Amino acid sequence: MADVMVMNDIEATAASLGIDLARLDLDSIRLPHGETFGIPSDDEDIGHDVNSEMESGFGNIIVVDNLPVVPIEKFEKLENVIRKIYSQLGVIKEDGFWMPLEPETQKTMGYCFIEFNTPQEAELAREKTHGYKLDRSHIFAVSMFDDFDRFMKVPDQWAPPETKPYTPGENLQNWLTDLKGRDQFVIRAGNDTEVYWNDARQLKPDFVYKRQYWTESFVQWSPLGTYLATVHRQGAAVWGGATSEFKRLMRYAHPQVRLIDFSPGEKYLVTYSSHEASNPRDTNRVVIDIFDVRTGKVMRDFKGTPDDFAIGGTGGVSGVSWPVFKWGGGKDDKYFARMGKSAISVYETETFSLVDKKSIKVENVMDFSWSPTDSILALFVPELGGGNQPARVSLIQIPSKEELRQKNLFSVSDCKMYWQSNGEYLAVKVDRYTKTKKSTYTGFELFRIKERDIPIEVLELENKNDKIIAFAWEPKGHRFAIIHGDTPRPDISFYSMRTAHNTGRVSKLITLKGKQANALSWSPSGRFIILAGLKGLNGQLEFYNVDEQETMATTEHFMATDIEWDPTGRYVATAVTSVHEMENGYIIWTFNGKLLYRVLKDHFFQFLWRPRPASFLTPEQEEEIAKNLKKYSKRYELEDNDVEKQLSEQERAKRRELKEEWEKWVAEWKRLYEEEKMDRQRLRDGEASDEEEEYEAREVEVEEVVSTQEEVLSE
């Protein structure tokens, strides 16, 4: 493979030629046919696409049928409407629009031809607008011009299709068959994307796959770990299959895509892009597509301005909150919803249309979230009418839109909702104004979703004025942790939704005083938690066992920015990303705080464990395994002993190598020492001995005139 010029070389070459890269439109560059200039492409279909285009010459033309039939007086108006629709999807060539007229009536014939700059733009236009509803009577039927040539070649006599031998597809769960039961992770450093096994026994990462320029911004695992998604200017792609070589499984055409999001069950992929308006007075145009992951088909698209998508979500770009759409119904991917002005629009994926064909009207709704397991929406509405109408949190069942529970809240400043991973509990953090309205205090409303009538408890801290720094539920459990108080050493309290007598009331388990922490990170299996001081608190880490209420280890990863548990909860990674200029890289720890290995990487900015799908074992089977753990563990103990012996031998070999290097170094210096013996003897006026004890040290005073200056003094 030819070497690719790194960006520094490109910038240096451009500077020497007087070229301003900031003003250069890279998309406008077209290489001569067959010329690559030594730049390899990861697109295996490029050659095929070029050949197809050369054969017919019409790969960039589409035919739009079912247009309105209008007289010549309305020709220009209809042309402008069609151009406006299709110019959003690609560049229409000059003289690239032709809508024929009936010679006798001088009316349009109900179809037109549109020629784009590239076949890719034409294919995208066909995909996006086939079935587009111009009005009730005119639904576009869009075809590629080349398809007509193919249809004309259909033989008059039917012939049975050729039977092709079955070839099994990619095993998308291949990585789960690892005999050592290891987990994978992906890292991004500089222009490189690398995938590794976490080989904790060997105390090092085990290389799987590496690729330069694999993505133009970031990579993302799908929620069940089946796919690795990459982002490019032309769209997104997903990769998977054999662990030794990730193959591209599907591409999703979406020019200038910037953000992506998977549905929980991996059935759908949401992509986002923002396009600058040609008129400076106009606002940017936002395009959001929802693809079927397996087929690559666009199931629904949404277009608008950034303001249309700026409500809801936890982050984003250019004023757009992300994710715009939140998924509900658990892993079935049955519903998705977005928040608008005074409304929540809930769509079902069977038809990708609004449930009951209308949105849920909720005046001034500020936030909403789905239960992780059920089709239940939780929404927050602030106070209205200057406090005359209280704020409220409501639970709504979908698709019936029945309100299951409502709680009115008074003097509310802000509100945040936290679902427990099994959907059993909902914690609502409520910031309230004091009577003077000059300050706020915080409390929690705790909903027991699975119990009859959904009872609600109120939890207030002992010191109501404590600032809440972090809140986190125990995954699949009944406990939660809160960091509260003043930085840099706040307190950390643990609570349980159960009590010893199962009275159904929340109870405090313990408060840890004065901890240097600003983040909480539970193990996916519960029980263990890391109390972390990230970023500004210099990476302080405390590994805590909540069952035993004891600290297992206290350590530090200086300037750590991120914590990522592996899916099993056995290992955890801490990372220093390139937001800091020093010590970039990651460390792998055991669940109880033992450092296994450290890897330093320049320009390191992404670490992601590969998720695992849920286990197929029933609770009864898991209980049986737990009871007979000793029987199963014997096999692994033998394997561990073999690995320990191997590591011991490796350690001994390493020590032997270090000893040999040391002896070689000493021998070399002894040789030099002997070679310089005569020189030392000459410098000592013939004295042969090198022993310092045989010489007497004497101090000799030497007077020396440094300078002389005469000065005439006047009387």
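This is a predicted model: local features need pLDDT of at least 70, side-chain atom pairs count only at pLDDT 80 or more; totals for chains, interfaces and linings use all residues.

Colleague: Is Cys-112 buried or exposed, and is Cys-415 buried or exposed?

Modeller: A residue counts as buried when its relative accessible area is under 20%. Cys-112 has a value of 0%, so this residue is buried. Cys-415, at 6%, is therefore buried as well.

Colleague: In what order do the four strands of the open sheet lie?

Modeller: Strands of a sheet pair through backbone hydrogen bonds, either parallel or antiparallel. Here the order is S37-S38-S39-S40, with antiparallel pairing. Strand S37 (519–522) and strand S40 (550–556) are at the edges; each has a single partner strand, so one side of each lacks a neighbour in the sheet. From one strand to the next, the twist averages 20°.

Colleague: How many bridges join strand S38 and strand S39?

Modeller: Six bridges link S38 (residues 528–533) to S39 (residues 540–545), in the antiparallel sense. As an example, Ala-532 has Leu-541 in S39 as its bridge partner.

Colleague: Which residues is Glu-564 in contact with, leaving aside its neighbours within four places in sequence?

Modeller: Those residues are Val-572, Ala-573, Phe-607 and Trp-609. Glu-564 itself belongs to strand S41 (residues 562–565) and is partly exposed, with a relative accessible area of 29%.

Conventions
Residues are numbered from 1 along each chain as its sequence is written. Side-chain values use heavy atoms; hydrogens and water are left out. Two strands pair if DSSP finds at least two bridges between them. Helices (H or I, at least four residues) and strands (E, at least two) are DSSP runs, numbered from the N terminus. Axes are lines fitted to C-alpha atoms, for helices over the stretch in contact, and angles run from 0 to 180 degrees between N-to-C directions. Buried means under 20% relative accessible area, exposed over 50%, partly exposed in between (1.4 Å probe, protein chains only). Contact means heavy atoms within 4.5 Å.
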